[in-house]
Amino acid sequence: MANDANFYQHVFEVVRQIPPGRVTSYGAIAKFLGAPTWSRKVGHAMGQLPTEGEPVPFQRVVSGSGHLSGSTDNIEYRISLLEKEGISFVGNKIQNFKAVNWDPSIELDY
């Protein structure tokens with residue numbers, strides 16, 4: 001992962017593969033990409049979504065505890081998108097996080 005743009009593209013590729021109704025964590029993506037300490041950098045990538053090409057379902061990336069973080073407006077919007085996919089919340093935490101968690105290290109065959 002030589003530069004940010006290259007790393008970000010890899011992050012976006014992984015996120016595009018998360019199925020509707022499932023979520024993964026910043027840390028799980030970082031680990032899958034061979035950079036287990038870069039969860040914060042994955043979060044940075046999610047703040048730099050591409051405006052062209054295939055959409056990136058950003059709402060499906062959450063903290064390792066199942067919480068949504070960011071500005072209040074952003075959290076409410078992400079919750080509404082995830083609820084449409086059948087995910088339940090208590091406050092800003094996914095109610096059944098373990099059941100809907102999608103681990104790219106297990107799910108993807110790279």
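The buried residues of helix H3 are covered by parts of the structure that include helix H1 (4–15), helix H2 (26–32) and strand S2 (61–62); helices (H or I, at least four residues) and strands (E, at least two) are DSSP runs, numbered from the N terminus. This is a predicted model, in which local features need pLDDT of at least 70 and side-chain atom pairs count only at pLDDT 80 or more, while totals for chains, interfaces and linings use all residues. Residues are numbered from 1 along each chain as its sequence is written, and side-chain values use heavy atoms, with hydrogens and water left out.

- Val42, Ala45 and Met46 are the buried residues named in helix H3, which spans residues 39–46; buried means under 20% relative accessible area, exposed over 50%, and partly exposed in between (1.4 Å probe, protein chains only).
- When one looks down the axis of H3, its buried residues fall within an arc of 100°, so they line one face of the helix, where the arc is that of the directions from the helix axis to the C-beta atoms.
- Arg40 and His44, by contrast, are exposed on the other side of H3.

**How H1 meets H3**

- The axes of H1 and H3 come within 9 Å and cross at roughly 80°; such axes are lines fitted to C-alpha atoms, for helices over the stretch in contact, and the angles run from 0 to 180 degrees between N-to-C directions.
- H1 and H3 are therefore roughly perpendicular to each other, given that angles under 35 degrees count as roughly parallel, over 145 as roughly antiparallel, 65 to 115 as roughly perpendicular and the rest as oblique.
- On the H1 side, Asp4, Phe7, Tyr8, Val11, Phe12 and Val15 meet Lys41, Val42, His44, Ala45 and Met46 of H3, where contact means heavy atoms within 4.5 Å.
- The residues of this contact of H1 with H3 divide into eight nonpolar, one polar and two charged; Ala, Val, Leu, Ile, Met, Phe, Trp, Tyr, Cys and Pro count as nonpolar, Asp, Glu, Lys and Arg as charged, and the others, Gly among them, as polar.

**Aromatic pairs**

- Three aromatic pairs are found in a search of the whole structure; rings of Phe, Tyr and Trp (its six-membered ring) pair if their centres lie within 6.5 Å, and planes under 30 degrees apart count as stacked, over 60 as edge-to-face and the rest as tilted.
- One of these is the edge-to-face pair of Phe7 and Trp38, with 5.1 Å centre to centre and 80° between the planes.
- Because Phe7 lies in helix H1 and Trp38 in the loop between H2 and H3, this pair ties together parts that are 31 residues apart in sequence.
- Phe7 is buried, with a relative accessible area of 0%, whereas Trp38 is partly exposed, with a relative accessible area of 30%.
- Tyr8 and Phe12 form a tilted pair, at 6.5 Å centre to centre and with 55° between the planes; both residues lie in helix H1, four residues apart, which is about one turn of the helix.
- Tyr8 counts as buried at 12% relative accessibility, and Phe12 is buried as well, with a relative accessible area of 2%.

- Phe12 touches Ala45, Gln48, Leu49, Pro50 and Val56, not counting residues up to four places away in sequence, and Phe12 and Val42, which are 30 residues apart in sequence, are 9.3 Å apart in space, C-alpha to C-alpha.
- Arg16 is found in the loop between H1 and strand S1 (24–25), and the C-alpha atoms of Arg16 and Val56, 40 residues apart along the chain, are separated by 5.4 Å.
- Leaving aside neighbours within four places in sequence, the contacts of Arg16 are Pro50, Glu54, Pro55, Val56 and Pro57.
- Arg60, in the loop between H3 and S2, is buried, with a relative accessible area of 10%, and its contacts beyond four places in sequence include Ile18, Pro19, Leu82 and Glu85.
- Ile87, in the loop between helix H4 (72–84) and strand S3 (89–90), is buried, with a relative accessible area of 3%.
- Not counting residues up to four places away in sequence, Ile87 touches Gly21, Arg22, Val23, Leu82, Ile94 and Val100.
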